[in-house]
There are 2 protein chains.
Amino acid sequence: MGALLVVMLATAMMLVFSMAAIDASRSAPYRQSFCVTWRFNVDVNNLRDWKTVPKSCESYVGSYMNRGDFSQDASLAMMEGVSFAHSVFNSSTTAGTDAFSYNAWVFDIDDTSLSNLPYYAKHSFGAEAYNDTLFSAWTAKAICPPIHATLDLFNSLKDLGFSIFFLTGRSESERNSTATNLLGAGYSGWQGLILRQSEDEGVRATLYKSAKRKSLEDLGYSIVGNVGDQWSDITGYSVGSRTFKVPNPMYYIA
Amino acid sequence: MGALLVVMLATAMMLVFSMAAIDASRSAPYRQSFCVTWRFNVDVNNLRDWKTVPKSCESYVGSYMNRGDFSQDASLAMMEGVSFAHSVFNSSTTAGTDAFSYNAWVFDIDDTSLSNLPYYAKHSFGAEAYNDTLFSAWTAKAICPPIHATLDLFNSLKDLGFSIFFLTGRSESERNSTATNLLGAGYSGWQGLILRQSEDEGVRATLYKSAKRKSLEDLGYSIVGNVGDQWSDITGYSVGSRTFKVPNPMYYIA
């Protein structure tokens with residue numbers, strides 16, 4: 001009788017333990033906030049075509065952008081770019097000669113090279129609907145500060161002899177203010193600034209940017225690196241040997 | 001004299017404030033641990049070809065995987081998949097008919113559909129060098145538990161009438177153990193299980209998987225969704241209309 005009880009108890013315990021093991025991944029309590037999960041899924045390109053930051057995540061996104069986490073994430077990304085650039089330089093037969101300048105890097109501008117955080121800090125960090133008029137008035141001021149991690153990469157690339165192209169969704173009509181802002185923020189010595197021409201208006205960013213990168217290749221450039229905050233900057237075709245994603249939880253561009 | 005002092009003081013203060021504003025993004029102290037930044041840059045595909053998790057991040061990765069954060073991140077990713085699948089179903093003229101089954105989803109297996117966490121928990125969560133003999137002995141047991149978020153997506157897709165293909169880097173010789181494991185973990189009713197044939201051995205994952213997806217397209221399938229934990233699962237060509245990245249900070253496959 002005692003032995004039967006022991007067997008029954010042991011069987012019951014095994015059942016409980018094995019069920020617990022099977023369901024461990026499901027029953028674990030969620031620790032992190034929804035906003036952390038939301039931002040992760042935005043930056044790995046699982047969530048697409050979203051219009052605004054969830055209202056409940058406004059303060060989280062603000063903290064992420066302002067309190068050092070963004071800078072830290074961007075710094076490691078751009079340090080990896082510096083490391084990759086050095087490996088390309090070190091293995092190139094043309095390093096140190098003019099011919100090396102056919103090795104190109106492409107940089108997006110908004111929230112990759114220049115920061116619109118001062119604007120978004122006044123507009124709910126992306127939790128309110130995009131306002132083209134207000135945003136254009138902001139960029140026209142040409143006072144966007146640099147994203148320092150990106151500027152550091154830019155300067156390293158320049159020192160190594162890469163040709164650097166800015167490729168932006170901004171329009172040709174914004175060339176002067178954009179160039180002024182880039183120079184004022186410390187980006188000097190770039191090879192080209194590619195903006196949307198009238199025939200590019202309305203073309204989705206992925207296609208527009210792919211076509212312009214292809215044109216660079218047609219001119220003889222090899223695209224070594226490509227840096228952007230949106231997946232539409234670094235997907236499509238002619239994306240480059242390596243792509244580098246700057247975090248951006250504030251807005252989405254297809 | 002007093003007025004001069006005020007002007008001098010005001011000028012000095014303006015200088016200090018403007019410098020502080022310019023350097024805000026640089027001078028902000030780092031809040032999050034290096035391991036958080038490392039994992040982020042791994043999952044957005046900025047860090048590549050790494051061999052092991054940094055030793056100092058072993059316990060962080062273990063916590064991320066075990067304490068619910070992984071499950072939460074994966075759940076939102078797979079819920080987005082469910083949502084996308086419904087939108088495709090709802091806009092399809094063939095929904096509810098056999099013809100709809102030409103709409104396919106592709107799933108990677110290891111750490112996308114089946115979890116190797118029980119193995120990695122005994123092997124430093126990826127902080128020790130990969131051991132092919134030990135890992136193969138583990139998968140041969142065919143006891144990997146499902147990743148529940150993925151299984152939920154799988155079942156939703158099956159209910160809607162999508163054709164589901166597993167596409168794995170495992171070899172043809174592992175077909176039986178892999179099929180047994182999938183069925184035991186709850187994945188039933190799939191259309192195909194594609195493994196590396198002898199001619200595929202040594203081919204990089206991105207190319208191998210792109211070629212197999214292209215073969216599905218050549219058979220008439222339209223790849224609607226594609227789910228993987230590695231970027232080599234969801235980049236290359238014939239990637240599908242939408243891709244879904246399951247987090248994996250434990251190992252990297254090119």
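Me: Let's start with C57(A): is C57(A) buried or exposed, and how do I read that?
Reply: Look at relative accessibility; a residue under 20% is called buried. C57(A) is at 0%, so C57(A) counts as buried. Keep in mind that this is a predicted model.

Me: And C35(A), buried or exposed?
Reply: C35(A) has a relative accessibility of 8%, so C35(A) is buried too.

Me: How many disulfides turn up in the whole structure?
Reply: The general idea is that a disulfide is a covalent bond between the sulfur atoms of two cysteines. In a model, you look for sulfur atoms within 2.5 Å of each other. Searching the whole structure that way gives 2 disulfides over all chains.

Me: Which cysteine is the disulfide partner of C35(A)?
Reply: C57(A) is, with the two sulfur atoms 2.2 Å apart. The angle about the S-S bond is -90°, and the link of C35(A) and C57(A) is left-handed. The bond ties distant parts of the chain together: C35(A) belongs to helix 3 (residues 34–43) of chain A, while C57(A) sits in the loop between helix 3 and helix 4 (58–66) of chain A, 22 residues away.

Me: What does the other disulfide look like, in chain B?
Reply: There, C35(B) pairs with C57(B), and the sulfur atoms are 2.2 Å apart. The link of C35(B) and C57(B) is left-handed as well, with -90° about the S-S bond. Again distant parts of the chain are joined, C35(B) being in helix 3 of chain B and C57(B) in the loop between helix 3 and helix 4 of chain B. As for burial, C35(B) at 8% relative accessibility counts as buried, and C57(B) is buried with 0%.

Me: What about C144(A), buried or exposed?
Reply: C144(A) has a relative accessible area of 2%, so C144(A) is buried. In chain B, C144(B) is buried with 3%.

Me: Back to helix 3 of chain A: at what angle does helix 3 pack against helix 4 of chain A?
Reply: For a helix pair, read the angle between the axes, their separation and the hand of the crossing. Here the angle is about 65°, with the axes 9 Å apart. Helix 3 of chain A passes helix 4 of chain A in a right-handed crossing.

Me: Which residues make that contact?
Reply: Helix 3 of chain A brings C35(A), V36(A), W38(A) and R39(A), and helix 4 of chain A brings Y60(A), V61(A) and Y64(A). Sorted by type, the contact of helix 3 with helix 4 of chain A has 6 nonpolar residues, no polar ones and 1 charged. Notice that C35(A), the disulfide partner of C57(A), is one of the contact residues.

Me: Which residues of helix 9 of chain B are buried?
Reply: In helix 9 (residues 175–184) of chain B, the buried ones are S177(B), T178(B), A179(B), N181(B) and L182(B). To see what covers these residues, look at the elements that include helix 7 (132–140), strand 2 (163–171) and strand 3 (192–196) of chain B. Just after helix 9 of chain B comes G186(B), with a positive phi of about 110°.

Methods. Residues numbered from 1 in each chain as written. Chains lettered and ligands numbered in written order. Predicted model: local features only at pLDDT ≥ 70, side-chain atom pairs only at ≥ 80, totals over all residues. Heavy atoms only, no water. Helix = DSSP H or I, 4+ residues; strand = E, 2+ residues; numbered from the N terminus. Buried < 20%, exposed > 50% of the residue type's maximum accessible area, 1.4 Å probe, protein only. Axes fitted to C-alpha atoms, helices over the stretch in contact; angles between N-to-C directions. Left-handed = near helix turned anticlockwise from the far one by under 90°. Contact = heavy atoms within 4.5 Å. Nonpolar A, V, L, I, M, F, W, Y, C, P; charged D, E, K, R; others polar.
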